[in-house]
Amino acid sequence: MKNNIRVERAIVRISQQQLAEAVGVSRQTINAIETGKFVPSTVLALKIASVFKKSTDDIFQLEEGDWK
């Protein structure tokens, strides 16, 4: 799963720590999501998208291998 979290954070000028606090997780969790090492739950994905005032589809994209 790809995501645009790093880009969106840059646009609104917030750190991983600030995003983590806004959605109730650790900075390490945000880092793991950004680097593709962790796939967030639906609730967490919705919370992250909400911070950026975007849809989850604007933030997260399935890659071809994700369907298998």
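Tutor: Glu34 is buried, because its relative accessible area is 11%, and buried means under 20%, exposed over 50% and partly exposed in between, with a 1.4 Å probe and protein chains only. Before we proceed, please note that this is a predicted model, in which local features need pLDDT of at least 70, side-chain atom pairs count only at pLDDT 80 or more, and totals for chains, interfaces and linings use all residues. Residues are numbered from 1 along each chain as its sequence is written, and side-chain values use heavy atoms, with hydrogens and water left out.

Glu34 belongs to helix α3, which covers residues 27-34; helices (H or I, at least four residues) and strands (E, at least two) are DSSP runs, numbered from the N terminus. The side chain of Glu34 takes part in a polar contact of 2.5 Å with the side chain of Arg9, and in another of 3.1 Å with the side chain of Arg6. A polar contact is a pair of N or O atoms within 3.5 Å; within protein, one must be able to donate a hydrogen and the other to accept it, and residues adjacent in sequence count only if both atoms are side-chain atoms.

Ala45 is found in helix α4, residues 42-51. Apart from neighbours within four places in sequence, Ala45 is in contact with Pro40, Thr56 and Phe60. From Ala45 to Asp58 there are 13 residues in sequence and 11 Å in space, C-alpha to C-alpha.

Let us now turn to the whole chain. The chain has five helices and two strands, arranged along the sequence as β-α-α-α-α-α-β. Of its 68 residues, 29% are buried. Among contacts in the chain with a separation of 6 or more, 55% are between residues 24 or more positions apart. The C-alpha atoms of the chain fill a box of roughly 35 × 20 × 20 Å along the principal axes. The radius of gyration of the chain is 11 Å, which agrees with the value near 11 Å for a compact globule of 68 residues; this radius is taken over C-alpha atoms, and the globule rule is 2.2 Å times the number of residues to the power 0.38.

Terms used
Contact means heavy atoms within 4.5 Å.
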